[in-house]
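Open the model in your viewer and follow the stops below. Each stop says what to select and what is there.

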Amino acid sequence: MAENPFFAPSTLPYELPPFAEIREEHYLPAFRRGMAEQLAEVEAIAGSTEPPTFDNTIAALERSGRVLDRTATAFFSIASSNSSDGIMEIEKEISPELTRHSDSIRLDRALWARIKQVTTSDPEEAWLLQKYREDFIRAGADLSETEQARLRELNEELSRLSTEFAQALLKAATEAALVVEDPAELDGFEQSRIDSLRQDDGTYALPLLNFTAQPALSQLTNRDVRRRLFELSVGRAPGNFAIAARMAALRAERAALLGFPDHASYVVADQTAKTVEAVEEMLGQLVGPAVRNAGREAEELAGQAGFPIEPWDWPYYSEQVRKARYDFDDSAMRPYFELERVYRDGIFFAAGKLYGVTFSERPDLGGYHPDVKVFEVFEEDGSALGLFLLDPYARANKRGGAWMNNLVDQSLLFGLRPVVLNNLNVTKPASGPTLLTYDEVTTAFHEFGHALHGLFSQVRFPRVSGTSVPRDFVEYPSQVNEMWVTWPEVLANYARHHETGEPMPAELVEKLTAAEKFNQGFKTVEYLAATLLDWAWHRLAPGQEVADAEAFEAAALERAGIAVPQVRPRYRTNYFAHIFASGYSAGYYSYIWSEVLDAESVEWFKENGGLRRENGEHFRRELLSRGGSLDPLSAFRSFRGREPRIEPLLKRRGLD
Ligand SMILES: [Zn+2]
């Protein structure tokens with residue numbers, strides 16, 4: 001049997017994982033050898049008889065676990081982008097082992113005792129040392145044996161409940177589907193869509209997507225069908241209310257064990273927000289204007305409908321108003337958004353103007369799927385910077401949405417240059433060019449903003465490389481990159497008809513930008529309501545049990561001043577997967593927190609002449625290149641020259 005490709009560093013350029021050689025049977029042995037090697041390395045660090053120094057403790061920890069790191073990076077990337085039954089089995093088997101592995105490092109008393117004695121005067125080292133201390137304390141390193149035992153119990157029960165919550169939700173998507181017998185009730189859908197919903201028993205079933213306002217509500221003309229669909233949506237997986245309440249109580253207990261008044265305080269302590277007061281102050285500034293805006297929009301929609309509208313009417317009538325007022329038609333735009341051209345003449349073009357970088361395809365370097373393209377990225381002076389991989393198409397074995405991840409973390413410690421990957425979920429045409437919607441173009445620019453954050457990383461240690469920044473900061477650089485989508489010089493360069501090469505007509509461009517502020521009251525309120533709901537659950541004090549979760553939810557929205565009758569939260573408690581089935585508890589505020597910095601930065605670019613090389617250089621030097629190697633807000637201040645202000649965001653969302 002050939003040697004396991006994870007046991008030694010890849011020999012490919014930039015240490016790109018050797019996907020052609022990796023087979024499923026390599027993963028488990030590589031994970032296990034990787035964990036064993038790292039444990040031995042950690043034991044040597046913890047058991048050293050030398051006095052603890054930054055190099056023999058923190059830097060040594062950074063150097064540990066190379067096999068595990070290579071394996072996990074490739075595996076979890078594949079698990080998201082190109083999964084299989086075998087990969088899913090491995091994931092189920094290895095996940096609890098990985099949790100135990102990281103616990104056994106973070107709860108190692110000898111190691112923790114040494115970390116506490118390390119001192120350093122170098123600012124980058126000091127910042128990393130502080131990160132390590134926070135990580136260990138937050139994982140329970142300072143607790144007594146009894147407390148650590150209780151912590152492990154809490155973690156285990158929370159992880160079990162979170163799986164239950166997720167599985168109930170998965171089932172509800174089809175079990176709580178809207179079922180109709182008469183296809184006439186689906187009036188508003190295209191015939192091909194209706195046909196695709198037909199079941200074996202002759203009925204038609206419309207599955208639920210995981211948020212409140214189902215997209216179908218904007219098309220279905222039958223008001224009673226809309227109401228039924230809406231009620232199914234908000235009432236799905238009712239058993240999850242009790243699970244959520246139990247999880248909130250356990251999280252509050254865990255926070256108390258770790259010395260925090262509540263779970264939200266625990267979560268934000270290592271974010272840029274730092275305190276619950278800072279988050280509440282920002283949200284407080286948005287609620288009033290957003291509610292007033294939504295109220296105005298509701299009146300306008302009632303005018304269009306001829307009666308006071310209900311939550312299930314909003315998407316339908318707002319679509320009517322949008323068409324009437326902006327004549328916005330996605331299908332008229334798509335011929336101008338051809339995938340390859342959007343990248344070459346839009347995304348790469350803008351990056352060239354701003355940062356001087358160039359891109360050259362490397363067909364000799366393979367991805368994990370034939371559709372993955374590999375580009376080598378060069379600096380202005382021709383020196384090599386890293387690799388950018390693009391996996392644009394939807395596949396049955398790929399998770400939904402769009403995201404960026406690293407395949408190799410940049411670090412000076414290992415002399416490694418970055419390899420980053422962008423995933424999109426664009427439908428692959430049977431033949432001919434791939435034409436994108438406007439939303440897909442925006443998503444492509446967004447994900448490429450994350451890619452630049454990874455590519456420009458210029459830090460010493462892998463722990464703080466590229467996008468390894470707090471969750472309430474990471475969306476900021478990617479949101480900024482969206483500003484170039486409609487920047488005239490960029491748009492004129494890429495938005496050309498795929499057959500004629502004609503530029504997009506001026507009136508289409510105008511419609512594109514005019515429709516941007518439309519329906520912002522609704523969007524902001526549904527987002528803020530979900531955020532404030534997340535917040536209410538995680539501000540609960542330890543011991544404060546919630547018996548009736550639905551009543552708690554209603555009271556929380558009322559108290560926060562965000563209870564708009566026609567606009568329900570984007571997620572109700574029972575299907576709020578971000579906070580009960582993945583890592584965003586007390587963190588849903590992050591999106592708008594990042595957007596404050598984003599709006600500030602967009603304003604800075606505009607004040608300074610926009611798409612200019614020196615502007616890009618400043619943003620890159622002060623912000624993108626720093627990764628998580630310093631306090632992110634101080635990087636922002638160096639870039640912007642002042643503390644962030646909320647006004648640019650209010651202006652952008654039409655809330656000023
Ligand atoms: Zn993002």
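**Stop 1: the zinc site**

In sequence, the residues that donate to the zinc ion follow the spacing H-x3-H-x24-E. Donors are N, O and S atoms within 2.8 Å of the metal (3.2 Å for Na, K and Ca); water is not among the atoms, so sites may look incomplete. Select the zinc ion: His446 (NE2), His450 (NE2) and Glu475 (OE) coordinate it at 2.1 Å. His446 sits in helix 16 (residues 438–455) and Glu475 in helix 17 (residues 471–481), so this pair ties together parts 29 residues apart in sequence. Helices are DSSP runs of H or I, at least four residues, numbered from the N terminus.

This is a predicted model: local features need pLDDT of at least 70, side-chain atom pairs count only at pLDDT 80 or more, and totals for chains, interfaces and linings use all residues. Residues are numbered from 1 along each chain as its sequence is written, and side-chain values use heavy atoms, with hydrogens and water left out.

Now colour by accessibility. His446 is buried, at 12% relative accessible area (buried means under 20%, exposed over 50%, partly exposed in between; 1.4 Å probe, protein chains only). Glu475 is buried too, at 14%.

**Stop 2: helices 23 and 25**

Select helix 23 (residues 590–607) and helix 25 (residues 632–640). Their axes come within 11 Å and cross at roughly 20 degrees. Axes are lines fitted to C-alpha atoms, for helices over the stretch in contact, and angles run from 0 to 180 degrees between N-to-C directions. The two helices are therefore roughly parallel (angles under 35 degrees; over 145 is roughly antiparallel, 65 to 115 roughly perpendicular, the rest oblique).
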